[in-house]
Amino acid sequence: MSSNSFPYNEQSGGGEATELGQEATSTISPSGAFGLFSSDLKKNEDLKQMLESNKDSAKLDAMKRIVGMIAKGKNASELFPAVVKNVASKNIEIKKLVYVYLVRYAEEQQDLALLSISTFQRALKDPNQLIRASALRVLSSIRVPIIVPIMMLAIKEASADLSPYVRKNAAHAIQKLYSLDPEQKEMLIEVIEKLLKDKSTLVAGSVVMAFEEVCPDRIDLIHKNYRKLCNLLVDVEEWGQVVIIHMLTRYARTQFVSPWKEGDELEDNGKNFYESDDDQKEKTDKKKKPYTMDPDHRLLIRNTKPLLQSRNAAVVMAVAQLYWHISPKSEAGIISKSLVRLLRSNREVQYIVLQNIATMSIQRKGMFEPYLKSFYVRSTDPTMIKTLKLEILTNLANEANISTLLREFQTYVKSQDKQFAAATIQTIGRCATNILEVTDTCLNGLVCLLSNRDEIVVAESVVVIKKLLQMQPAQHGEIIKHMAKLLDSITVPVARASILWLIGENCERVPKIAPDVLRKMAKSFTSEDDLVKLQILNLGAKLYLTNSKQTKLLTQYILNLGKYDQNYDIRDRTRFIRQLIVPNVKSGALSKYAKKIFLAQKPAPLLESPFKDRDHFQLGTLSHTLNIKATGYLELSNWPEVAPDPSVRNVEVIELAKEWTPAGKAKQENSAKKFYSESEEEEDSSDSSSDSESESGSESGEQGESGEEGDSNEDSSEDSSSEQDSESGRESGLENKRTAKRNSKAKGKSDSEDGEKENEKSKTSDSSNDESSSIEDSSSDSESESEPESESESRRVTKVSTPAFVPTKTHVLLHRMSGKGLAAHYFFPRQPCIFGDKMVSIQITLNNTTDRKIENIHIGEKKLPIGMKMHVFNPIDSLEPEGSITVSMGIDFCDSTQTASFQLCTKDDCFNVNIQPPVGELLLPVAMSEKDFKKEQGVLTGMNETSAVIIAAPQNFTPSVIFQKVVNVANVGAVPSGQDNIHRFAAKTVHSGSLMLVTVELKEGSTAQLIINTEKTVIGSVLLRELKPVLSQG
Amino acid sequence: MIHSLFLINSSGDIFLEKHWKSVVSRSVCDYFFEAQERATEAENVPPVIPTPHHYLLSVYRHKIFFVAVIQTEVPPLFVIEFLHRVVDTFQDYFGVCSEPVIKDNVVVVYEVLEEMLDNGFPLATESNILKELIKPPTILRTVVNTITGSTNVGDQLPTGQLSVVPWRRTGVKYTNNEAYFDVIEEIDAIIDKSGSTITAEIQGVIDACVKLTGMPDLTLSFMNPRLLDDVSFHPCVRFKRWESERILSFIPPDGNFRLLSYHMLSWDVGKINPQKLPSLKGTMSLQAGASKPDENPTINLQFKIQQLAISGLKVNRLDMYGEKYKPFKGIKYMTKAGKFQVRT
């Protein structure tokens, strides 16, 4: 067996080594060279043997050693054939290590790698989700172009897998395939589109990542998923959160109009915005119309806020940049505290956070001023942190705090870290130029530093003083004299050069000293640094021009020295100066202007922050950190002048019913429920859900008002109570113990409380929201075809509209205690029922709180009052432990509040449960004009009319409060009203389609008249009874 | 996202490399070494270094540089935070994170890294989930594995990965059920020459060690929750409940974890009798041969006060729901100096 038949495993590369080995054998000491390599050969040989043995333990040992080689960066590619045979090993650890190996070397050994493919294809069908997922992972990580079609197929299948974990891996595989073969883009986008619709929080982050890498420009794919992503966000794993937040920031900047007030804009972004005259006009137009934030815009801002409390610095930073780029300026302040908190973290985190704060603090000092002291430098900070802190302190300096800061800076100047001390002196210079009040103080301080015993400090001070003096050249003769003396002692070239330059510039102010300095310099010229030499030449030239009598000879001497200098720059400069200032025959027209050229007024240097120009990069990005556009950086667009159609984010009704109870939500209920079921406290049941708000905001005139109301609520988002409201969805499980009836009352009560708060906070109650009314038509048209065949002339006006508000309150159907671990809640999505147009649609969420599967969940025996009908959900085969599932069903209650009793059964048990609908849920909202309303009301008088007088405080009678209270109790639609004191709502009953007209008329003082007109007098009076206390409560 | 990871020791040897996409030659680290040379001290090496084709993001811990190679725009904190999580995981697995330990456990390290990232995007970073996928090495397990031929690698998807509480594994069992909480506060302060306080703030954490069977649901309430204003939570804490009632309600991870960290700007020293001002005296002695120190050295103080949280924070009670047994509960308080500097 000869040596060259074995490849080598050393990193230097097999081929080369072989040759070397050959040479070695043929020329010098054959045995020695051979021995050196043979040990390696042997090693690999026994690895091969081990891999081919029958024992798993030997194989495992071999694989472990091979992985060790890979980790060290050694080449183990020659073992490929031996390793790949074990790809189907039964031993899971061997298999995993083989996967590691394959992913590392498949690219180099494409043909052999193909041998393993069939194993993965088989594993893709494995019943174990972990095996399916890892097969997909490895298959998609093998960068072999031939298998692209196989990968594509695998991804497509995996994206429809039942396991969200497999789907998550499919999302990752998309990116891998895309980088292997960009040609597949279109097909991959289809998969992305499909996965974006996924409701699992596990998938969300990964698919958005794929979106960002494959098709970040396809913003249209986001529209329909926007609200879902906003609502899922808190439950997504932290890395996904970062990616989603960054993507949504970009999205928001393309879809919403600027929430920044005119003043702010002019200050900060004036130049980017309104550039042409037309724009200018639009701007003034805009001014007339008060800005109202798109509810979707608000939704994003609100749902990201809790994430400021995340333990993950990247998440906090992501939220901070979102607030910075898309929230109203008045709200961005809340991020400061969280960012300052991050400064306690590791050095690397500090570094990035401080950079971002530096950029922010230039534009908006106010945000970080309260935290000034958090940026004080500690002697233990690394230099890069120190300089960043210094930068921020400088940005934050103002008249009020400058004296404190200067005192602090004095300590820094004494620091042992000289680089930092020098930076501090620069900083003092910047403060001096920025804050005129302290210019003199700073200058004096710096002059004092000139006698510091540390040369670096002195040198830096000289440089800074030079800059300061340049800015106000007048009467600083004394300082210049002082500095001239320093030339005898100071050796740092920059400082010497600065002094010389300064004397040259001010040579007429110090007529006696300047020539003397030149004399000294002429003496030491040859031993000076190049930098100093250049300035000596300049000084000579300037003096020659102003005081040639005294300095002519000196200057010529210096020019002669310069002529023969070793450095060509100096020789060039010398030649140039001589030609310019010394009159001779050859000198051209320029020499006449020599004085003007040399002693021109020079603009003072601008001392500004290096972070000044960074704000055009999105904060928190790599590009911002480096201040260079990084590969793959996605620009943040400017706000559009006019918002694109917001209705693109509306989700169709049927789909909506499904999407609004995604796994995430069910899960929240699950955890909340679990928790509260044990606790005794009476929970507060604030209830203005975020979901409904975002759905309704843009759908009809009055509904727009609900969005409006949301806004006014959130304007004070610092307030914890409003925060509470917005997330009550999470807590919905706590309603457990109440009966349906009590429920609605309690709901009303808390709502009115909210209302009051809202009222106190902001009296914004404008009802002008015309822009959204157009959308209402389209949406109602598409949904209103399902009218009942039933009686009466009311039909021609009953056009079902989308609900103005959907309470997220859930009711307990089956408590887990009584359900042997199976818990069920139901909720009225207020959507037209898809199972029959006389049915009320109900969504039931089932939770398995046991630790085993619950099988065959279905509805058993039904005990329904006469006439009542029920459409049951399809039996559920099995529900995993901790799992939850949401199903829809429909019940025709025959327009009555009678209870529907039935049995909820599992494989082993049957539980009696019942649903009693609140009267407000027996209705569907109707869109109609004021005229039609009055006409219909005219018909429904006498027996068909019930009324009551309500007494309540005036603040409860603002339009928004009344609106909120009414829609909370009942699924009614608002009717636009011409009179401020009359509020009208219309609905029809689900079963018979009879009109239900609600009027609230405000009277003198604190009374109001509540009138209900309907043929269904029983329901009418029940509704009246329910509405009355709600409206009169404060 | 993250292309490759290199581990570099203090003498500049690359002792481990891992690639999640195509292999990036280790010569890319030359740019890092250059920066390292320029920075003179390890802690001054910039965390982000651009090179012509890649960007190097690094963290420095336990005398090891963890250098991530990336190719395209990514939030730098994303990578940095992840790298720190890697270090934390190693520490969790092996007790310490050092070069010899990583070299000894290179296979486990590799398996863990393989699970933590897929195509450079974090896949499983919760240590509970990782530990179900790849069991941490123990002497006993090594012995058992050699005899029985069983492996360190789990073959089922950890339940946590799909559940609503990904941080907790199911089927936890203990014979002694116990939950300990340590309230640890650190004082960061700068005292100037004249003895007046320039800044003083408290950084507090509540570290927990919870060993409870099953799926316990805990609530922790404070006597004075209003003190906690600027907080960050472990993902297990129900944020809503905190917002509304100022009660920490959570299903805890199994084992050690940081429940909460908080930050307070003021530090109330309480009353000090002006007649008897407390004073602290100390002497400094210089090592023979050491260079003359600075004229005005800054002194870093270290001290510890047991059984006291300087902010006055007090835990009121800890309740457990969802399980029937009675756990043993314990609370410990401690105050220590954080970055406590006295300027002279």
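User: I have the model open, and I would like to begin with one contact: what do A:E391 and A:R430 form?

Analyst: A:E391 and A:R430 form a salt bridge, with their closest N and O atoms 3.2 Å apart. The two residues sit in separate helices, A:E391 in α22 (residues 383-396) of chain A and A:R430 in α24 (residues 418-434) of chain A, so the pair ties together parts that are 39 residues apart in sequence. Before we go on, a word on the source: this is a predicted model, where local features need pLDDT of at least 70 and side-chain atom pairs count only at pLDDT 80 or more, while totals for chains, interfaces and linings use all residues. Residues are numbered from 1 along each chain as its sequence is written, chains are lettered from A and ligands numbered from 1 in the order in which they are written, and side-chain values use heavy atoms, with hydrogens and water left out.

User: What counts as a salt bridge, and how many are there over all chains?

Analyst: The general idea is that side chains of opposite charge can pair when their charged atoms come close. Here the rule asks for a side-chain nitrogen of Lys or Arg within 4 Å of a carboxyl oxygen of Asp or Glu. By this rule there are 56 salt bridges over all chains.

User: Are A:E391 and A:R430 buried or exposed?

Analyst: Both A:E391 and A:R430 are buried. The cut-offs are under 20% relative accessible area for buried and over 50% for exposed, with partly exposed in between (1.4 Å probe, protein chains only).

User: Which residue forms a salt bridge with A:E921?

Analyst: That is A:R830, with the closest N and O atoms 3.3 Å apart. A:E921 is in the loop between β9 (910-915) and β10 (923-925) of chain A, and A:R830 is in the loop between β2 (822-827) and β3 (840-848) of chain A, so the pair links distant parts of the chain, 91 residues apart. For reading those labels, helices (H or I, at least four residues) and strands (E, at least two) are DSSP runs, numbered from the N terminus. A:E921 is buried at a relative accessible area of 6%, and A:R830 is buried at 4%.

User: Which side chain meets A:R984 in a salt bridge?

Analyst: A:E930 does, at 2.9 Å from N to O. A:R984 lies in strand β13 (residues 982-989) of chain A and A:E930 in helix α43 (residues 930-939) of chain A, so this pair ties together parts 54 residues apart in sequence. A:R984 counts as buried at 5% relative accessibility. Salt bridges can also share partners: one network joins A:K96, A:R137, A:K176, B:K18, B:E114, B:E115 and B:D118.

User: Where does the charged end of B:K18 sit?

Analyst: Over the ring of B:W20, 5.4 Å from its centre. The test is that NZ of Lys or CZ of Arg is within 6 Å of the ring centre and within 35 degrees of the ring normal. A:R649 likewise lies over the face of A:Y226, at 5.6 Å from the ring centre.

User: How many aromatic pairs are there over all chains?

Analyst: The count is 26. Rings of Phe, Tyr and Trp (its six-membered ring) pair if their centres lie within 6.5 Å; planes under 30 degrees apart are stacked, over 60 edge-to-face, and the rest tilted. A:F80 and A:Y101 form a tilted pair, 5.7 Å centre to centre with 50° between the planes. Both A:F80 and A:Y101 are buried. Ring pairs also link A:W239, B:F78, B:F82 and B:F121 into a cluster.

User: What is the strand order in the open sheet of three strands in chain B?

Analyst: The order is β12-β10-β16, with antiparallel pairing. Its edge strands, β12 (247-250) and β16 (315-321) of chain B, each pair on one side only. Two strands pair if DSSP finds at least two bridges between them; β10 (residues 217-222) and β12 of chain B have four. Among these strands' residues, B:T219 has B:S249 in β12(B) as its bridge partner.
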